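Here is a short report on one model. Look at the sequence and the structure first, then read on.

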Number of protein chains: 2
Amino acid sequence: MGGCIFRDAPAHVSVTNNKMPSIRAVASRAGVSTATVSNVLNARRSVAPDLAARVHSAVQELGYIADLGASRLRSRKSSIAGVLVPDIANPFFGAFVGALEAAARRDGYDLLIVSSGGDPVQEAARLRALLTWRPAGVVVIPCDDSLAARDVAIAAGVPMVAADRIPSGEPIDLVAVDNFAIAKQVAEHLLAGGRRHILAATGHLAISNVNERIDGTRAAVRELGGTLEVIEVGLSYPESRARLDARFAAGPLPDALFTLNNLATLGALDALSAHGLTVPGDIALVGFDDEPWMHVVSPPLTAVRQPVEQMGFEAWARLMARIGGDVSPPVQVRLPCTLITRASSLPIDAAAMASA
Amino acid sequence: MGGCIFRDAPAHVSVTNNKMPSIRAVASRAGVSTATVSNVLNARRSVAPDLAARVHSAVQELGYIADLGASRLRSRKSSIAGVLVPDIANPFFGAFVGALEAAARRDGYDLLIVSSGGDPVQEAARLRALLTWRPAGVVVIPCDDSLAARDVAIAAGVPMVAADRIPSGEPIDLVAVDNFAIAKQVAEHLLAGGRRHILAATGHLAISNVNERIDGTRAAVRELGGTLEVIEVGLSYPESRARLDARFAAGPLPDALFTLNNLATLGALDALSAHGLTVPGDIALVGFDDEPWMHVVSPPLTAVRQPVEQMGFEAWARLMARIGGDVSPPVQVRLPCTLITRASSLPIDAAAMASA
DNA sequence: ATGAAAGCGCTAACAA
DNA sequence: TTGTTAGCGCTTTCAT
């Protein structure tokens, strides 16, 4: 352990501007006590109308903005929440955080957002950084099933809810998507279209939601017949492209491709065209995660739409419940996905007709 | 004005968990004063090695995590920075914030991120919410040229740097892209390919960076001949698609389309195929903002790549300078974009050959 | 209904 | 080198 409980980097921080008036300035300008100012602004105790009016105009004139840090210190009530995602620059996590922010805002919370970079060590370190601000609670999208962040949150006694990926071990509040059900539906759709050999392409197998997706696919294959092959294509676009390239060059071709994340979909499109394979003629393609561009390409791509906004809302709702003192056992919320059927997964016969 | 200087929503906040040990707990466990603990952890004054060791083990044993809110209150040094973007769920802003976060982290700062939703009123309100946490500085992507947030930041004396869009009025530190130069280059590229009638499609004309792009395009047209037509297609995907649909149905067709943002590019692709127009045969297409999918579609899309990570880094660098006390006049940093040339903007003759 | 005073966790000034 | 004390801006007793 690098061992420092404080910041990762030395804080070359500088003196904050002290132009901002304090509650005392407001109080003296309004000719009341600081307690009264506080009571007016927080509507805590009733205050005579004229005093309240004087306070309000003092606030206005001075441009007073309360210091919530100081407020939290004294009141022990925090109106900040922490968010820990693998990478805020990833559109999926961005959308999640956007929904979270909207929900949090409605409840009067601000969000401190940090990225773990997909590294469990960073995950724990960044959570510690979050806790230095004493958030009322934390929402985290774990970078793997181990959820390194859990221990430190538990030790600190800060409510935490996980989202998207499913941590192993001790149960914890979780909001995720019904990976199994939708993957099964995808496979059923492909098999119903006459496909027999499904190739599932995923970044990493170490992530639980991916395994649920594979399990769902396998369940359908077992029920309806056909074969399932799984290939790990890594986490970067060029890598996934190369892996699929190699696979297409190597063995007998599948007649359906199910890409389990966006990067894989991109790599697949590239590798398919490099090998002169047509979609859906030679191979049907279905991607996990629907994105706006998928219906402007040709053929338009069949995709699984994840209810990412709803995930954000639900995660926030769970967190609020915990912050509010809910001590019931951890719950798992599973949200249904939608299969958006487009031309890339047309049944074999229809695809053949179209290309003829 | 709804008039409350505090939160937008009533804070139904709850008592923070008080399981966390304070610096006093550490001090007494280590048998030293709180000042010594502080000095050890912040490496401020030199402390005898044995005392330091005792402090460190006490920290370890108790799982002590310093309260940076309290620290800031006393030291008047803030290690938090505010970020205000139109919409964190937008991939472009997400990428920007990601870069900003990486840079901030290296300097020991955490980020409080809020979205204005593209609404100037919200912009000001959200900035006030940020200031409530006494950030050392603020980075903002304004929602329009008026930059409603400016006044409140200035009044509070908090350093602020703007990014991406160019606020009018009083100069302010700004990091943006060289819109004019790259747009000119795009137009030159199109004209050199034998195109004569460029249609530039934008969301809104009220945003300065868009106008710079149009000016750049116009400059090339003036120099090299040809015509420029500008069309406003709104901010949503369906709207942009409908507007372009109408335009294609109405008048003489352009032979080049320059979409000034991502939504417009998506809408264009849709409208083009709806009208049976081929790219680049009938119309060349160039989009502002390069995205991963653009080179897997057919034809691959020519696009302007914005150095969004670098924008984040530069913005942070400017902010750090200001936080560090730099009082020199505001500067404008302009970053160069790159034109990624792909098949969608092939010269007329090559395009004709390809389709023949 | 209002004010005075104490104190949240921390660090800066001052003593020793 | 270390400890003691005061006080950051706020809210919360406790008086009045």
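Which helix gives the most to the surface near DNA strand D? H4(A) does, with 5 residues. Helices here are DSSP runs of H or I with at least four residues, numbered from the N terminus.

This is a predicted model, in which local features need pLDDT of at least 70, side-chain atom pairs count only at pLDDT 80 or more, and totals for chains, interfaces and linings use all residues. Residues are numbered from 1 along each chain as its sequence is written, chains are lettered from A and ligands numbered from 1 in the order written, and side-chain values use heavy atoms, without hydrogens and water.

**Around the DNA**

DNA strand D is surrounded by 30 residues. A residue is near the strand if one of its heavy atoms lies within 4 Å of it. The closest include A:Ile23, A:Tyr64 and B:Arg74.

Some polar contacts (pairs of N or O atoms within 3.5 Å) are listed here.

| Side chain | Atom of DNA strand D | Distance |
|---|---|---|
| A:Ser38 | phosphate oxygen | 2.7 Å |
| A:Arg74 | base oxygen | 2.9 Å |
| B:Arg45 | base oxygen | 3.0 Å |

**Helix H12 of chain A**

H12(A) covers residues 308-323. At 1.5 Å a residue, its 16 residues should span 22 Å, and its end C-alpha atoms are 22 Å apart, which agrees. The expected span is 1.5 Å times one less than the number of residues. Buried residues (under 20% relative accessible area, 1.4 Å probe, protein chains only) in H12(A) include A:Met311, A:Ala315 and A:Leu319. After H12(A) comes A:Gly325, with a positive phi near 105°.

Key
Helices (H or I, at least four residues) and strands (E, at least two) are DSSP runs, numbered from the N terminus. Buried means under 20% relative accessible area, exposed over 50%, partly exposed in between (1.4 Å probe, protein chains only). A polar contact is a pair of N or O atoms within 3.5 Å; within protein, one must be able to donate a hydrogen and the other to accept it, and residues adjacent in sequence count only if both atoms are side-chain atoms.
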